[in-house]
Amino acid sequence: MTIHLFCSRLLRKVIGKMAGRRAALKAIDWLAFAERVPPNQRAIFNGLKTRSDAIAAKLSSLPEKPATIDWSFYKSAVANTALVEEFEKKFSALQVPEPVDTQTTKIDAQEQEANKSADAYIAASKERIHRFEFELKKLQDMIPFDQMTIEDLNKVFPETKLDKEKYPYWPHKPIAEL
């Protein structure tokens, strides 16, 4: 998973949904997050943490609900009460649109793609490990080089065998392969 994908998922979790109420903050384990960040991306991580802390501090300083407007005070203080009533009616009718989440599906698709590529890499790595373990076992079980004959060498490493029938003259291999 790339750092950008991880950061976008983290920011989405931190900010949460804003449905006319205060954003629901979630706890972040910054130490566990920092352990997974590669050294070449520390600056990006530090910038993300600073930005996240600033947003969290700003959100925590805001009240849970906005202050209510005392319309009766304004009606008594302002000479034109019809104007105050008009403002009150327009304020009551005001609907602030909530932003539509258009990125979650893209982020989820990127995450699934990253998981598929990670699974493929893990499977290929396990296959390479198995192949290398087989090669290591072969090297551990072979006769020491100082006790080997040419036949033993050709048996352990078949690519070293010279084909004297196909290439009867020295070096017994095509020059392109030397």
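User: What are the ground rules here?
Analyst: The model is predicted: local features need pLDDT of at least 70, side-chain atom pairs count only at pLDDT 80 or more, and totals for chains, interfaces and linings use all residues. Residues are numbered from 1 along each chain as its sequence is written, and side-chain values use heavy atoms, with hydrogens and water left out.

User: How many aromatic pairs turn up?
Analyst: Seven, from a search of the whole structure. Rings of Phe, Tyr and Trp (its six-membered ring) pair if their centres lie within 6.5 Å; planes under 30 degrees apart are stacked, over 60 edge-to-face, the rest tilted. One of the pairs is Phe 33 with Phe 45, edge-to-face, at 5.0 Å centre to centre and 85 degrees between the planes.

User: Where do Phe 33 and Phe 45 sit?
Analyst: Phe 33 is in helix H2 (residues 30-35) and Phe 45 in helix H3 (residues 42-61), twelve residues apart. Helices here are DSSP runs (H or I, at least four residues), numbered from the N terminus.

User: Are those two buried or exposed?
Analyst: Both Phe 33 and Phe 45 are buried. Buried means under 20% relative accessible area, exposed over 50%, partly exposed in between (1.4 Å probe, protein chains only).

User: Switching to charges. What does Lys 49 pair with?
Analyst: Asp 53, in a salt bridge with the closest N and O atoms 2.9 Å apart. The cut-off is a side-chain nitrogen of Lys or Arg within 4 Å of a carboxyl oxygen of Asp or Glu. Lys 49 and Asp 53 are about one helical turn apart, because four residues separate them in helix H3. Lys 49 counts as partly exposed, at 26% relative accessibility.

User: Which ring does the charged end of Lys 49 sit over?
Analyst: That of Trp 30, 5.1 Å from its centre. The test is NZ of Lys or CZ of Arg within 6 Å of the ring centre and within 35 degrees of the ring normal. Arg 131 likewise lies over the face of Phe 132, at 5.2 Å from the ring centre.

User: How many salt bridges in the structure?
Analyst: Six. Among them is Glu 86 with Lys 90, closest N and O atoms 3.1 Å apart. Lys 90 is exposed, with a relative accessible area of 52%.

User: And H6, what span should its 38 residues have?
Analyst: At 1.5 Å a residue, helix H6 (residues 104-141) should span 56 Å, and its end C-alpha atoms are 55 Å apart, which agrees. The expected span is 1.5 Å times one less than the number of residues.

User: Which H6 residues are buried?
Analyst: Thr 104, Ile 107, Glu 111, Ala 114 and Ser 125.

Note on methods:
Helices (H or I, at least four residues) and strands (E, at least two) are DSSP runs, numbered from the N terminus.
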